[in-house]
Amino acid sequence: VGLSSLVGGAESSPDILSVRTEHSVGGVTDLRLIDVSSSRIRIAWTRAPRATGYKVTWQQGRGVEQSRLLTGSSSSYTIEGLSPDQAVVVGVSALIDGREGEPMRLPARTTSDTAPGEVTGLRVLDTNGRRVRISWSPVTRATGYKIVWRRGDGVESSRSVAGDVTSFTIDGLQEDSAYRISVSALIGSTEGTSTSLNTRTDPVRTVTNLRAVETTPDRIRISWTAVARATGYRVTWRRSDGAEVSRVVTSDLTSFDVEGLQQDTLYSIRVAPMTGNREGAPATISVRTDREVEEVGTVTRLRVQESPGNTARVTWVGVQGATSYRIVWRRADGGVESRREVGGDVTAVDIDGLEEGVRYVVRVTALVRNKEGPPVSISVTTPSVPVPSRV
């Protein structure tokens, strides 16, 4: 900077003064609490550019403000000797060669000196694709516990339970996902130091092709496709107005008979794969048991059609609800009895291997599973073989 004097129109030689501008002092950013107890507070911040030091100040309640000077490499500090359960205002300002920037302030509060102790023994008892069950050791004087779970993408939920609870099931989780679970003890509204663990839900393994392959009035047989690496299966069934019943079967089984059921009743049946004590997602079907048949009807219009040689064709009109038919035949003059059983949709059968010129008695009986109706009989005589005439 140059300075000259003017006398009339004459200007004197200028006096030269050198001035150097200084950089403004920036402030710290991201001032945050790291830990709080009844007697200390630990803070951290992001360092300011070109800072050669930092000034930390704190004032508790209406007390005198205190301060500490730290080096430029500092980014955290623990304030000690505080009183319990008191408000504290903390400030941090950057220093450049003794010049102080604008302080950043943060309100905080020390915990009560009666804060509950830290939770211990936190562990996972069981997991599946949608649920994690945890337990912990009780904390003296705790009136409750706070459970917090956070998914890997940051989605967080929490729940509080009573002081006599030392286990909890976290439901509605996302399958095959990482979670961090924390538990802290409570005395009233005062929260103690939390304990955390990391866990992961199982991938979903679901039974496929679950179906009913046979039903009776008191039994339903089901089958399914095996699940890789399953150590067993839990089969659970219940009727709409009844209690739930379940059985665990070994991994080599892919079918099961649900027995002791009521006739003509709708049942919900589900099968879930097991891996150790972990249960996968279940598959569910609804199946109705058969109605108990009091009497089985009688076949009608039993007839024998003309057939060549040693074969007889027998026909009949079927019985509604029949699951099979039994056909029995023998020579009218005695001999070995032969029989055949056909499906409930069959109403005609060819009896082969008969002797020529012999009278037979044929009997047809309708069956509904293991119940038989009255048999119906008819006789048939096979054609005789003509004797060649002599010339």
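A salt bridge here is a side-chain nitrogen of Lys or Arg within 4 Å of a carboxyl oxygen of Asp or Glu. The model is predicted, and a search of the whole structure finds 23 salt bridges. The views below show some of them.

**View A. Salt bridge between E175 and R130.** The closest N and O atoms of E175 and R130 are 3.1 Å apart. E175 is partly exposed, at 29% relative accessibility. R130 is also partly exposed, and its relative accessible area is 48%.

**View B. Salt bridge between D264 and R291.** The side chains meet at an N to O distance of 3.0 Å. Because D264 belongs to the loop between β25 (255–259) and β26 (266–275) and R291 to the loop between β28 (283–288) and β29 (300–305), this pair ties together parts that are 27 residues apart in sequence. D264 counts as partly exposed at 28% relative accessibility, whereas R291 is exposed, with a relative accessible area of 57%.

**View C. Salt bridge between E337 and R339.** The N to O distance between these side chains is 3.2 Å. E337 has a relative accessibility of 34% and counts as partly exposed. R339, at 51%, counts as exposed, because the cut-off for that class is over 50%.

**View D. Network of E214, R219, R221 and D257.**

How values were computed. Residues are numbered from 1 along each chain as its sequence is written. This is a predicted model: local features need pLDDT of at least 70, side-chain atom pairs count only at pLDDT 80 or more; totals for chains, interfaces and linings use all residues. Side-chain values use heavy atoms; hydrogens and water are left out. Buried means under 20% relative accessible area, exposed over 50%, partly exposed in between (1.4 Å probe, protein chains only). Helices (H or I, at least four residues) and strands (E, at least two) are DSSP runs, numbered from the N terminus.
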